[in-house]
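The entries follow the order in which I made them.

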Amino acid sequence: MNRSEFPDPFEQARQTDGVSTIDDQNDPVTMVLGLKNVRKCAHQWQKFQSGAEAGRIVVPSEVNIRDTRQIPFEVDPPDHGDYRAVVEPWFKRPLEPAYQAQLSDIIGSLIDDVIQQDRVEVVEEFALCLQSRALTLLLNTPFAESDTWISWGTHVFRSEDSALDASKANILYDYIDQQIERAAANPTDDLYSVLLNSDFQGRKLTKEEVKGVMILTFAGGRDTVINAVTNTIAYFAEHPESLRYIQQHPENTGKAVEELVRYFSPLTHMGRVVTEDSQVCQHAAKADSRISLCWASANRDETVFDSPNEVKLDRKVNPHVAFGFSHHNCLGATHARQILQILLTQLAAKVARIDIHDCQENIEDWQQFQRKVGFHSLNVTFTGN
Amino acid sequence: MAKITFITPDNESVTLEAEQGSVMELAVSNNIAGIDGDCGGVCSCATCHVHVAPEDVAKVGAASEIEQDMLELDDNANEYSRLCCQIEISEQLDGVTLTVAG
């Protein structure tokens, strides 16, 4: 009964210092660990900027493998707000009933399939398929495109022995370039075409800007959604009573999603570049150094959350930062929330129990912190209702 | 039953009636512009920010510490700010006016 437990490796450092510095390719990062400080730093975009050299606010840094600026993620106000206004209506489409109906079909069919199998490896055969097929809705591209994305495997930026792999990342970048050229030559009603025709500050978005939005959309929503889905399966495997609770209390599905996202915190942290000599938790943060906003630690802050290491599916007040905070909150959060809401609803309706056979945990190595973020593999059997 | 009036960012006045639930749920289910309620009402997203009419502050009550912490970092916050996912509908709210902070 512990494979769905996700320990909090930051507890002691959060309570004693509130920050902790790790190295990253000789560009150290001071991780901010408490919820209130994480939110304050996220809010102070002038002092802790996102619009630094492209790739630098990501940890591990992607400056050596990427020149394209991710938009609106790596842009600060006021331009950030103008970019966000261009893309936000599109990323709110998951609130539309027709979108939700299609997403229900995708997730329902996948669950029907895995119930028929004796044994399923959840990461590759369930979560990756679900994430890729759902992404065809967000991009409004043909369903068959998901086969290409599934063939890339679970890691777009990582290989077996490296957290950053330029050759793997180039597969994605080259694919996006081709799609932008295709949409420019023959526009459809997909996201590439809509972006190419979008007005920004009195002009059209450039192909490079469109590429920046698309890289963000692919990269930001891949491992995060795969981990959230896989971890959710592990949780319900070990807590079948929670699946029945969702079935009997569908009105609490939204609260359950927020709680699972808080507990799993699929994105551990995100960096910022310090623009002027500053202080964070009485620690000096020098100009041009990096801090990171540790969402995973903030979401276990015992000064804010009652029993932070417990999953309480009916947690009423849950001011988590799993989707970030302030200007740069997650653009894909509406899509991600719908995926998880429908996943919970469909699992509760269709699945009686899930049995775990074996698993290999995915432990992130942040030097003094070893954090379980998900699984490399999770072999289970789904039994239908 | 409580009648609650929303003033939207376009200065449109919309009066709704309800017996229970949160004010955010009432606003979202009636498509009040500027109230998104992204997190479903757990005080995580601050997309249901309203300004309570000064004469209605006593009826609506004060924000909790967790809610105040959220509002403190909202550029549009003032002394009348509330996150309306944290306001439960009751007869006591009858007649209040809430301006969407947007």
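Entry 1. The model is a predicted one, and I read every value below as computed from it.

Entry 2. I looked up His80(A), which is found in helix 3 (residues 79-91) of chain A.

Entry 3. Neighbours within four places in sequence set aside, His80(A) is in contact with Pro72(A), Val75(A), His327(A) and His328(A). With His328(A), the side chain of His80(A) also makes a polar contact of 3.5 Å.

Entry 4. I turned to chain B and traced its sheet. Five strands make up an open sheet of mixed pairing, and I read their order as 2-1-5-3-4. Which strands stand at the edges? I found strand 2 (13-18) and strand 4 (81-83) of chain B there; each has a single partner strand, so one side of each is left without a neighbour in the sheet. From one strand to the next, the twist averages 35°.

Entry 5. I examined one pairing in detail. Strand 1 (residues 2-7) and strand 2 of chain B run antiparallel and are joined by six bridges.

Entry 6. Helix 3 (residues 65-72) of chain B lies across strand 3 (49-52) and strand 4 of chain B. I recorded its angle to strand 4 of chain B as about 115°.

Notes. Residues numbered from 1 in each chain as written. Chains lettered and ligands numbered in written order. Predicted model: local features only at pLDDT ≥ 70, side-chain atom pairs only at ≥ 80, totals over all residues. Heavy atoms only, no water. Pairing = 2+ DSSP bridges. Helix = DSSP H or I, 4+ residues; strand = E, 2+ residues; numbered from the N terminus. Axes fitted to C-alpha atoms, helices over the stretch in contact; angles between N-to-C directions. Contact = heavy atoms within 4.5 Å. Polar contact = N/O pair within 3.5 Å; in protein donor to acceptor, adjacent residues only side chain to side chain.
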